[in-house]
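This report concerns the side-chain packing and local geometry of one protein structure. Please consult the sequence and the coordinates alongside the text.

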Amino acid sequence: MNKKLMTLAVAGAFAAPAAAFAQASNVQIFGTMYLEYAYAKQGAIAGPSGGDLVNVDIMQTPGSEIGIKGEEALGGGTSAWFQCTSTADIRGSSQNGFCSRNSAIGMKGSWGNAYAGNWDMPMKRTAGAARIVSDTGIWGVGRMLYGDSSTFNANATAFSFSRRQNNSLFYDTPNFSGFQGYVGVSSTSTSINQTANTSGSKPRVWGVGGSYTNGPLYVTLAYESHKNFGANNNINGGLGYNGNDYAWHAGIAY
């Protein structure tokens, strides 16, 4: 009997610290797996052989991801947090690398949330909640309405306004009775001629957005600016393009 009690006591001594550690830890693993298979029948194109079928079947995984995130309280209602999200392509086709999706490190409190890394710009964040169909993929509205939707660096894909911009700084305001604002701006750290005095060699993205949520009602407004995107980016042969674009978005969902 004494030996059994001793065994239980030792097991309990090891189990208690493990349980305490599990309760104190706030690191989470999360993810979304999405697979889409589609077939498009496009008829035939006339040719020397009498016509080639251009029908195509497509397999894609838009929005699939796996990540790890955590938060640590610093006192006074302030906490530090991190997130690293990577593409989870179960097809084995897109190998975008570690932390290739929304990933950042930051601090938040009653004053808001400030963070730096690779994250969705305010335009993409606010527009997504007002759409009734998927953003990404062949059939997504990201291509039709916003030029494309992906992770971008510096002045890549100048005409895309559904951007996850890396090397950027972000700030989210507190939620004021349903109202919340968002700010995002890219750095020029990856530009060619980083220390040169030529402004055109340093493209920058910046945007602001706001949203209001009240039960089933969602209202959003956003603006995004692309500056000096013509630098080192020969778009349309460089004819008539100064590298500056902007876009507005307004949406209502109920």
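Predicted model: local features only at pLDDT ≥ 70, side-chain atom pairs only at ≥ 80, totals over all residues.

## Nonpolar cores

In soluble globular proteins, nonpolar side chains tend to be buried together. In this model, the largest nonpolar core consists of 9 residues: Trp81, Ala104, Tyr115, Trp119, Met121, Ala158, Phe170, Val205 and Phe229. Within the aromatic part of this set, Trp81, Tyr115, Trp119 and Phe170 form one aromatic cluster.

Methionine 121 belongs to the largest core. When residues up to four places away in sequence are not counted, methionine 121 touches Arg163, Gln165, Phe170, Gly184, Val185, Val205, Trp206, Gly207 and Glu224.

## The disulfide

The structure contains 1 disulfide. A disulfide is a covalent bond between the sulfur atoms of two cysteines. Here the partners are cysteine 84 and cysteine 99, with an S to S distance of 1.9 Å. The pair links distant parts of the chain, 15 residues apart: cysteine 84 lies in strand 7 (residues 78-87), and cysteine 99 lies in the loop between strand 7 and strand 8 (103-109).

The torsion about the S-S bond of cysteine 84 and cysteine 99 is about -110°, and the disulfide is therefore left-handed. The two partners can also be described by their accessibility. Cysteine 84 has a relative accessible area of 8% and is therefore buried. Cysteine 99, at 26% relative accessibility, counts as partly exposed.

Serine 103 is located in strand 8. With a relative accessible area of 7%, serine 103 is buried. Its side chain reaches two backbone atoms: the nitrogen of threonine 85 at 2.9 Å, and the oxygen of cysteine 99 at 3.4 Å.

Which residues is serine 103 in contact with, leaving aside its neighbours within four places in sequence? The contacts are Gln83, Cys84, Thr85, Gly117, Asn118 and Trp119. One of these, Cys84, is a disulfide partner, and another, Trp119, is part of the largest nonpolar core.

## Positive phi values

Cysteine 99 has a phi near 60°, a positive value in a residue other than glycine. This cysteine is placed in the loop between strand 7 and strand 8.

Serine 177 likewise has a positive phi, near 50°, and is a residue other than glycine. The place of serine 177 is in the loop between strand 11 (162-172) and strand 12 (179-186). At 70% relative accessibility, serine 177 counts as exposed.

## Aromatic pairs and a charge over a ring

A pair of aromatic rings is described by the distance of the centres and the angle of the planes. A search of the whole structure finds 8 aromatic pairs. One of them joins tyrosine 223 and tryptophan 248 in a tilted arrangement, 4.8 Å centre to centre with 55° between the planes. This pair links distant parts of the chain, 25 residues apart, with tyrosine 223 in strand 14 (residues 217-227) and tryptophan 248 in strand 15 (residues 245-253).

Are the two partners buried or exposed? Tyrosine 223 counts as buried at 17% relative accessibility, whereas tryptophan 248, at 60%, counts as exposed.

A further ring arrangement involves a charge. The charged end of lysine 69 sits over the ring of phenylalanine 30, at 5.0 Å from the ring centre.

Key. Residues numbered from 1 in each chain as written. Heavy atoms only, no water. Core = buried A, V, L, I, M, F, W, Y, C linked by side-chain atoms within 4.5 Å. Buried < 20%, exposed > 50% of the residue type's maximum accessible area, 1.4 Å probe, protein only. Contact = heavy atoms within 4.5 Å. Disulfide = S-S within 2.5 Å. Helix = DSSP H or I, 4+ residues; strand = E, 2+ residues; numbered from the N terminus. Polar contact = N/O pair within 3.5 Å; in protein donor to acceptor, adjacent residues only side chain to side chain. Phe/Tyr/Trp six-rings, centres within 6.5 Å; stacked < 30°, edge-to-face > 60°. Lys NZ or Arg CZ within 6 Å of the ring centre and 35° of its normal.
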